[in-house]
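I opened this model to go through its rings, its metal site and its sheet. My notes follow in the order in which I looked things up.

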Amino acid sequence: MLFGTSRALSGARSCHGWHWRFLSHARPQANPNHLLSLGFAFDIDGVLLHGANVLPEAKRALSILEGNNSLNRKIPYILMTNGGGVSEEDRSKQLTERLGFEITPSNFMQAHTILKSFAHKYANKPVLVLGGKRDVLRKVAKSYGLKHVYTTLDVKAWNPDVWPFHDLTPEERAAATPVDFSTTPISAIFVFHDPRNWALDVQVMIDIILSRGIIDRRRPVENAPPVELVFCNPDLQWRSEFSRPRLGQGAFREAFQGVFKALTGAPYPHVQYGKPTTPTYEFGEKMLRARIEELHGALSTGCEIQPRIYMVGDNPESDIAGANAAGWSSILVRTGVYDPADGLPTHKPTYEAENVEAAVKWAIDREIARVA
Ligand code: G3P
Ligand code: MG
């Protein structure tokens, strides 16, 4: 859609004028430069995928952004999930195969990606990492810069009595790193992804926190600082292959805090990352800005572009709440956690759409009409 009046032409030199340059008085036509500051952030589970299954409208939605649109132009996007459990490289490759469009660590972030920015603080200290399969996340944590990374399987291998109701499988034993935890003070616990063994993990977390680092000590280590506790995903529920939402990492956090409070009288202070938290949305906006600049080099006219970001998500608590707080536009789809039959969403989106394809089409039309 070409838009416009002379007003726009005279503004061509100011920061925000650059996308008016191509206006005419004719019926608004699609103007390829008009949408250079537009970008999308897509949630994954419940929007593009149900577990391993790709939603049919997902490929059509990405195809529109990959250039199959009235502007004949690529529109930048990132994938922003509260999921995790593997490296950004491995998950990007898997998503590229499944979605049929190139996804790389430069346009993909998961719940624990943000820890790359903080890992240096604990680089030389022993830490416990929870979640994911066996010791996959040990390698991911080390790739973020954490050098001394242990798992609850290591603890169980060190002393099986730490939790009597689980016997290590041969694969778990093979993934365990032998270490003497009676002399290895754990300084922080990072819950990267959904734990596989809630009971073992809750037990070990409580042991470490109440002893301030040394698992088998009944009394806290004198003068030891409190153990830092970090959760990467607050989702109570998420949508996978099963027809109804499943418990997420947020439910694990509630289980841990419930037991901790029952034992001590109060929940344990923790740091929360993941959608809807501000640090995660700031990280996402930075990534999308870089994509917009990467795709539309022309923008580097020394002007600070104000990206117009649309978040498409299925979870009002995380996707919509976070996008609204970040000043983005938010679109709630009906293919995941949110079900209109349950009543109004807890956080009001800019728009509600049947699925991700309808969401993308609505947003682009809205942007084109915006200056018609
Ligand atoms: O464990 C993942 C889940 O909590 C939600 O993932 O992609 O919907 O943010 P996503
Ligand atoms: Mg989701």
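This is a predicted model: local features need pLDDT of at least 70, side-chain atom pairs count only at pLDDT 80 or more; totals for chains, interfaces and linings use all residues.

Entry 1: Is Tyr 77 buried or exposed? Tyr 77 counts as buried, at 3% relative accessibility. The cut-off for buried is under 20%, so 3% falls within that class.

**Entry 2: its ring partner.** I then looked for the ring that pairs with Tyr 77. I found an aromatic pair with Phe 42, which is edge-to-face. The centres are 6.0 Å apart and the planes make 70°. Phe 42 sits in strand β1, while Tyr 77 belongs to strand β4 (residues 77-80). The two are 35 residues apart, and the pair links distant parts of the chain. Phe 42 is buried too, with a relative accessibility of 0%.

**Entry 3: a second pair.** Next I looked up Tyr 150 and Phe 181. Their ring centres are 5.5 Å apart and their planes stand at 80°, so I logged this pair as edge-to-face. Tyr 150 is in strand β7 (residues 148-150), and Phe 181 is in the loop between α6 (170-175) and β8 (188-191). The pair therefore ties together parts that are 31 residues apart in sequence. Both residues are buried.

**Entry 4: the rings as a set.** How many aromatic pairs does the structure hold? I have 16. Ring pairs also join Phe 40, Phe 42, Tyr 77, Tyr 310, Tyr 351 and Trp 362 into a cluster.

Entry 5: Leu 332 stands opposite Glu 352 in β15.

**Entry 6: the magnesium ion.** Which protein donors does the magnesium ion (ligand 2) have? I listed Asp 43 (OD), Asp 45 (O) and Asp 314 (OD), at 2.0 to 2.1 Å. Along the chain the donors follow the spacing D-x1-D-x268-D. Asp 43 lies in the loop between β1 (38-42) and β2 (49-50), and Asp 314 in the loop between β13 (308-313) and α10 (316-325). This pair thus ties together parts that are 271 residues apart in sequence. Asp 43 is buried at 4% relative accessibility, and Asp 314 is buried at 2%.

**Entry 7: the whole protein.** Last, I took the totals. The protein has eleven helices and 15 strands. Of its 372 residues, 54% count as buried. The accessible surface is about 16,700 Å², and 54% of that belongs to carbon and sulfur atoms. Among contacts with a separation of 6 or more, 66% join residues 24 or more positions apart.

Definitions and conventions
Residues are numbered from 1 along each chain as its sequence is written. Chains are lettered from A and ligands numbered from 1 in the order in which they are written. Side-chain values use heavy atoms; hydrogens and water are left out. Helices (H or I, at least four residues) and strands (E, at least two) are DSSP runs, numbered from the N terminus. Buried means under 20% relative accessible area, exposed over 50%, partly exposed in between (1.4 Å probe, protein chains only). Contact means heavy atoms within 4.5 Å. Accessible areas come from the Shrake-Rupley method with a 1.4 Å probe; for residues, only the protein chains shown count as cover. Donors are N, O and S atoms within 2.8 Å of the metal (3.2 Å for Na, K and Ca); water is not among the atoms, so sites may look incomplete. Rings of Phe, Tyr and Trp (its six-membered ring) pair if their centres lie within 6.5 Å; planes under 30 degrees apart count as stacked, over 60 as edge-to-face and the rest as tilted. Two strands pair if DSSP finds at least two bridges between them.
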